[in-house]
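My notes follow in the order I looked things up.

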Amino acid sequence: ALDFGENPVGTSIDPTMYLWDNNSNVYLIQQPNYSGQNYAVYNALSGVGVQATSSHSNKEPNRYIKPGQAFLIRAKVGGTPNLVFNHNMRTDLNKVGNEFSQYFKNQENQNDKFWLTLKTPTDIYNSIAIAYNANAKDEFDLFDSQLINNSANDLFYSLSNDDEKLAIQGRKGHFSIEDEVNLGMRYFTAGQYEIALGKTLGVFGSDQKIYLRDLVSDQEIDLTEQSYVFSAVTGDEVGRFQIVYKPGGVLNSDDFTNNDTTV
């Protein structure tokens with residue numbers, strides 16, 4: 001296998017890699033023309049990967065590329081792209097089993113990351129990741145990886161502070177409990193959806209809580225304790241959900257009337 005390390009692409013090539021993982025056969029239960037996120041995404045700077053849209057959770061990419069595995073990568077605007085392969089990048093496939101000790105840095109501030117999954121009414125899964133890094137910004141930068149297909153029928157993404165739709169978001173570290181991350185979705189069918197917490201690392205793997213704030217139902221759900229099931233109709237939804245790290249925020253309630261309160 002090839003070990004791409006933490007930042008193998010220098011200054012002229014974008015650190016986001018897209019790996020084709022065709023699960024389109026499972027979409028036939030939707031309709032023949034269903035469009036999904038068919039590429040798994042890996043960000044070499046963040047050291048984070050998320051799986052492609054699928055009917056089950058697997059095949060999360062990491063820094064190790066197996067022989068014969070193709071991937072896409074972008075040259076930066078104005079750059080002179082040179083993707084170099086050499087013998088120093090060769091590694092034993094057995095190392096893949098130790099991926100977390102191998103490619104996540106030891107510094108605590110670069111190890112604080114977690115994954116979220118949105119499950120659709122027809123058991124399609126979309127995954128995203130949030131990772132804190134001392135060198136990242138809260139606006140779109142190289143620590144972030146965009147969705148490769150914004151026209152897909154089902155979408156799940158986080159938003160940077162300048163509203164880029166991201167599969168992997170690198171947030172400014174050190175991690176702060178005051179931080180808030182906005183989420184967005186596109187729903188292909190109406191019904192019951194479920195947001196769940198996946199893998200956690202660093203401070204999120206110990207005692208740091210992760211809350212999902214629903215501004216429509218005025219709820220804060222501790223995702224470290226339970227997933228959240230909610231109803232949605234077909235279409236796009238932005239501004240309803242946030243990730244926060246402490247409870248007790250001021251929630252929005254557009255439908256509030258005096259009749260709802262008795263003093």
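This is a predicted model: local features need pLDDT of at least 70, side-chain atom pairs count only at pLDDT 80 or more; totals for chains, interfaces and linings use all residues.

**Notebook: confidence, fold, salt bridges**

I started from Lys-119: its relative accessibility is 24%, so I logged this residue as partly exposed. Its salt-bridge partner is Asp-123, with 3.5 Å between the closest N and O atoms. Asp-123 comes out at 39% relative accessibility, so it also goes down as partly exposed.

Mean pLDDT for the protein chain is 80, and 75% of the residues reach at least 70. I flagged residues 94–109, where pLDDT is below 50; the model still gives this stretch 28 contacts beyond near neighbours in sequence. Residues 250–263 are also below 50, with ten such contacts.

Next, the overall build. I found one helix and 17 strands in the protein chain. Of its 263 residues, 46% count as buried. I also looked at contact range: among contacts with a separation of 6 or more, 72% are between residues 24 or more positions apart.

How many salt bridges does a search of the whole structure find? I got twelve. I picked out Asp-138 with Arg-171, closest N and O atoms 3.5 Å apart. This pair ties together distant parts of the chain, 33 residues apart: Asp-138 is in the loop between β8 (125–133) and β9 (145–146), and Arg-171 is in strand β11. Are these two buried or exposed? Both are buried. I also noted that Asp-138 and Arg-171 belong to a salt-bridge network with Asp-179.

While on β11, I looked at Lys-172, which lies in that strand (residues 165–172). At 53% relative accessibility I have Lys-172 as exposed, because the cut-off for that class is over 50%. Beyond neighbours within four places in sequence, its contacts are Tyr-132, Asn-133, Ala-136, Lys-137 and Asp-138. I put the C-alpha separation of Lys-172 and Ala-136 at 4.8 Å, though they are 36 residues apart along the chain.

Last entry: Lys-209 and Asp-222, a salt bridge with an N to O distance of 3.1 Å. Here too the pair links distant parts of the chain, 13 residues apart, with Lys-209 in the loop between β13 (191–201) and β14 (211–214) and Asp-222 in strand β15 (residues 219–222). Lys-209 is partly exposed at 28% relative accessibility, whereas Asp-222 is buried at 15%.

Technical notes: Residues are numbered from 1 along each chain as its sequence is written. Side-chain values use heavy atoms; hydrogens and water are left out. pLDDT is the predictor's confidence in each residue, from 0 to 100. Contact means heavy atoms within 4.5 Å. Helices (H or I, at least four residues) and strands (E, at least two) are DSSP runs, numbered from the N terminus. Buried means under 20% relative accessible area, exposed over 50%, partly exposed in between (1.4 Å probe, protein chains only). A salt bridge is a side-chain nitrogen of Lys or Arg within 4 Å of a carboxyl oxygen of Asp or Glu.
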